[in-house]
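Here's a quick tour for anyone meeting this protein model for the first time. Have a look at the sequence and the structure, then read on.

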Amino acid sequence: MIVVLRLTRVPLNAHHENTLRRSCLGNALWLHATSSKYAETEKQIPGLTNPPRIPSAMEPKAESPKRMLKPGFEKHTIKSLSTTEKEMELPLKSSLDNVTKIRGASKVSDNVRGYVFTRYFDYVRGYDKLLEKNFPSAMKVYRVFFEGVKEFFADMKRYLKITRIVNFKGIKSLNRQELELYMQMPRDMFKMAPTLIFSALPMVGYAVFPLAFMYPRVLLTSHFWNYRQKLEFQHMEFHNRLTYYLPVFRCLQEKLRYIEKHPKHKELSIILGQVGSGTHPTVEQLMDVKSIFTEPPYNLVSLNRKHIRMLVKMHQASRGIFKRHSLYEHAFLLHYMDQAICREGDVHNMNEKALRNACLIRGLNPSNLPKEEMISWLRDWIKVSATIEEDHLTMFLHLPIFLAYNHPNNWRVVYGGDQTFDTMPSSEDKRKH
């Protein structure tokens, strides 16, 4: 069978291959048959016996054969290219002209837009001057209100910052200006609260601010006052304070009979006699009788309700429910201010505005007072304040009676000699006015 297959050269199929594998001749004949089969297949497929050789990178590249052109074809190609370029130049020129026109139009529109915007910006920038020219009173009110709100919120931010300092470092770490703001700002915030609350309500806010500007002393703080209003309202408030000096002095005289057995009874009676006769005691006399104010009936706990009420109004302390506590805080704030003045280089390093404000807080009218006299009066106050402790708090609250009750400036305010203060206006006051 094998000889027949070899002679006929019939190709093997799968059946024949299996037969050869199972034959006695073994794998040799199967390998021979299959090798002859694949040899014939290789002859039928060209290129299979000799696969293409891949050139290495080191071998030089063979030059590509040049393409042969027909004679006359080069000239024809050049002519066709030149005509094509000329045909392309025409739409290119037209497109460039269109781009130039578009750019010119956009440039003109940009110039017009910039001119309109510039004119509009100049108009808006000078609109306040136009309103001030046509509506001078309304613009004046608006400017005062705008500056007042800005100053009020700036002071409120400073007050919150000072409060954080007090909570972490203590009140003794504050300087004089911070202590003055720490004393004044709670009163201003309490005073402005109704105006700010009602102004936020719908429909009501339109009527609140006209009313506030009609009654600025009652509904607004000093942040919204102009220079004339500040002078007028400060004079009125200080006049109200001075009206309580005499009732407080009478309360001191009434309690004198309860300390007849005290060793310093005679010295205190002499001091009260000096105040009643129109003079003031010396600093040494006051320091000599300070022990009386640590015991009843002159210590803070033993003062009756009328006496406490008059002291609160005389110092313009907080008028809450706890009046004794308000007086206690007010006295210590004044005491810490005195200590801050000493830390900052004593009274002579303060400017005139600071001196006037310090005298006004402590109960002396600074109007028409020379700087030397204000310095001398504040030094006497600070001498007494430096020797006072917590037990002598009531004496510190009565220092305006002992040192300023009979001062000529205060008497002129009480009896109508001075109508306003003569303080110099600041730059902000001049701008508001």
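## A stretch with a record

Helices (H or I, at least four residues) and strands (E, at least two) are DSSP runs, numbered from the N terminus. The UniProt record, an unreviewed entry, places the feature "transmembrane region" at residues 193-215. UniProt positions follow the numbering used here, feature names are shortened, and annotations may be inferred rather than shown by experiment.

Some ground rules: this is a predicted model, where local features need pLDDT of at least 70 and side-chain atom pairs count only at pLDDT 80 or more, while totals for chains, interfaces and linings use all residues. Residues are numbered from 1 along each chain as its sequence is written, and side-chain values use heavy atoms, leaving out hydrogens and water.

## The overall picture

The protein chain comes to 21 helices and 0 strands. Of its 433 residues, 33% are buried; buried means under 20% relative accessible area, exposed over 50%, and partly exposed in between (1.4 Å probe, protein chains only).

Take the contacts (heavy atoms within 4.5 Å) in the protein chain between residues at least 6 apart in sequence: 68% of them join residues at least 24 apart.

## Two helices side by side

How do α7 and α15 sit against each other? Helix α7 (residues 176-199) and helix α15 (residues 323-343) pack at an angle of about 160 degrees, and their axes are 8 Å apart. Axes here are lines fitted to C-alpha atoms, for helices over the stretch in contact, with angles running from 0 to 180 degrees between N-to-C directions. That makes α7 and α15 roughly antiparallel (under 35 degrees is roughly parallel, over 145 roughly antiparallel, 65 to 115 roughly perpendicular and the rest oblique).

On the α7 side, the residues involved include R176, Y182, M183 and R187, and they meet a set in α15 that includes H330, L333, Y336 and I341. H330 is worth a click: it's buried, with a relative accessible area of 4%. Leaving aside neighbours within four places in sequence, H330 is in contact with M183, R187, H315 and A317.

## A helix tucked away

What about α16? In helix α16 (residues 352-361), 7 of the 10 residues are buried, so α16 is largely enclosed by the rest of the structure. The buried ones are A354, L355, R356, A358, C359, L360 and I361. They pack against α7, α10 (227-242), α15 and α17. After α16 comes G363, whose phi is positive, near 100 degrees.

## Rings that pair up

How many aromatic pairs does the structure hold? There are 13, counting rings of Phe, Tyr and Trp (its six-membered ring) whose centres lie within 6.5 Å; planes under 30 degrees apart count as stacked, over 60 as edge-to-face and the rest as tilted. The ring centres of F152 and F153 are 5.7 Å apart with planes at 80 degrees, so this pair is edge-to-face. F152 is buried, at 3% relative accessible area, whereas F153 is partly exposed, at 37%.

W381 and F396 are edge-to-face too, because their centres are 5.6 Å apart and their planes at 70 degrees. W381 lies in helix α17 (residues 371-387) and F396 in helix α18 (residues 393-397), so the pair ties together parts that are 15 residues apart in sequence. Both W381 and F396 are buried. Elsewhere, ring pairs link F145, F213 and F224 into a cluster.
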